[in-house]
Amino acid sequence: MRDQNNLYAKDKELVNKVLRGDRGAFATIIKNTEALVTTIVFKMIQDNRDREDLVQDIFLKAYHNLPGFRHEAKLSTWIGQISYHTCLHHIEKKRPISVEAHEETISKDQGSLSNSTGQWLYRKDLAGILKTETAKLPPLYQTLLTLFHLEEMSVDEIRQITGLPEGTIKSYLYRARIQLKERLLSNYEKEDL
Amino acid sequence: MRTNHLNEEELQAYALDPEQTALEFRSHIQDCKTCARHAEAYRAMFDALKTQQRPVFKFDLSGAVLKQLPEKRTERVKKGLLLYGCALAAFGILGLLSFCFRQHILYWFEGVSEPGLLIIVSTAVVIGWFQIKELYRKYHRQLTELDFYSN
């Protein structure tokens, strides 16, 4: 709780400095949130040029809207929210985002694994396979998985960023994990043949 | 003792935090090779997700953004000055009118004791101050929201 209050106080100090015209303070805000914003942009946007333009747009938008930031959430969450919605808006401009369109039938046959699956997953270049297989998931699933597992955000924090109901986030996370696991295992079975 | 296999939800919960999982699930996983393999697959996947390489941009993001920021917040300062100017002018006009029509104003309060007058005036000032402040905050919030969605 004290850490949380400390964080809010630091956020407030940084925001006030920026509002007084301190550009160095804004550079600090960029440095503090760059990893989160980059992760969201990379997971949601495929085109590299678009990513570079969008990430700058996000921080410019954050700068121009900083006077309206009311410290109801962490500054990083607020900037994450801007990132998510800016990317979503960009995707919607190009084509409608649909999770269902990417859904695949998931095999529920639990007995199809060979004995060494677990060890195989550790032994193989799991990071490389995971990167390839994650990229095949819908952007929304990729974003949710990354926010939860890599950024270690709670479902509530993800809710604040995405605006999705908690139940929807949990359900999407559940389905994304199953899809990813099935893809990893089918990858394993192919190599095992 | 649970005899049927754990479902995907239970396997995910176990892989995320085995300690928080019900004892019957844990003991089932210990005895059931199929569930143990699935749980292990989830666990390996979660570990890999947690340690995946973070993407990075190959250009100086901070420098690129700072270059695009307006030189100074002059517009903001101008807006602030305009607001204070208006408030000062309003007070000036009000003061002048009060001075010109002081006889009439004093007539309204004839018979009211000095402490009573003080209470009336200070209450009116406080209420007025909060009303103006709220009005400005609301206006500022609406402008910010408009700005946010139009950017």
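So, burial in chain B: out of its 151 residues, 24% count as buried. Keep in mind that this is a predicted model.

On secondary structure, chain B has 7 helices and 0 strands, so if you walk along its sequence you read α-α-α-α-α-α-α.

Let me pick out helix 3 of chain B, residues 33–50. That's 18 residues, and the distance from the first C-alpha to the last is 25 Å, close to the 26 Å you'd expect at 1.5 Å a residue.

Okay, charges. How many salt bridges are there over all chains? The structure holds 9.

Here's one that I like: A:Glu151 with B:Arg54, where the closest N and O atoms are 2.6 Å apart. That pair crosses between chains: A:Glu151 sits in the loop between helix 7 and helix 8 of chain A, and B:Arg54 sits in the loop between helix 3 and helix 4 of chain B. B:Arg54 counts as partly exposed because its relative accessibility is 38%.

Next, within chain A, there's A:Lys136 with A:Glu133, closest N and O atoms 3.3 Å apart. Are the two partners buried or exposed? A:Lys136 is partly exposed, since its relative accessible area is 45%, whereas A:Glu133 is at 6% and therefore counts as buried.

Then look at A:Lys181 and A:Glu182, whose side chains meet in a salt bridge at 3.8 Å, N to O. Both A:Lys181 and A:Glu182 are buried. They also belong to a network of salt bridges that links A:Lys181, A:Glu182 and B:Glu8.

Last stop is a surface patch back on chain B. B:Lys133, B:Arg137, B:Lys138 and B:Arg141 form a positive patch. B:Lys133 is found in helix 7 of chain B, residues 114–150. With 41% relative accessibility, B:Lys133 counts as partly exposed, and it clears the cut-off for patches because that asks for over 30% relative accessible area and no salt bridge.

That's my tour, happy to take questions.

Conventions: Residues are numbered from 1 along each chain as its sequence is written. Chains are lettered from A and ligands numbered from 1 in the order in which they are written. This is a predicted model: local features need pLDDT of at least 70, side-chain atom pairs count only at pLDDT 80 or more; totals for chains, interfaces and linings use all residues. Side-chain values use heavy atoms; hydrogens and water are left out. Patches are made of residues with over 30% relative accessible area and no salt bridge: like charges are joined within 9 Å, nonpolar side chains (Val, Leu, Ile, Met, Phe, Trp, Tyr) within 5 Å. Accessible areas come from the Shrake-Rupley method with a 1.4 Å probe; for residues, only the protein chains shown count as cover. A salt bridge is a side-chain nitrogen of Lys or Arg within 4 Å of a carboxyl oxygen of Asp or Glu. Lys and Arg count as positive and Asp and Glu as negative; His and the chain ends are not counted. The place of a charge is taken as NZ of Lys, CZ of Arg, CG of Asp or CD of Glu. Helices (H or I, at least four residues) and strands (E, at least two) are DSSP runs, numbered from the N terminus. Buried means under 20% relative accessible area, exposed over 50%, partly exposed in between (1.4 Å probe, protein chains only). The expected span of a helix is 1.5 Å times one less than its number of residues.
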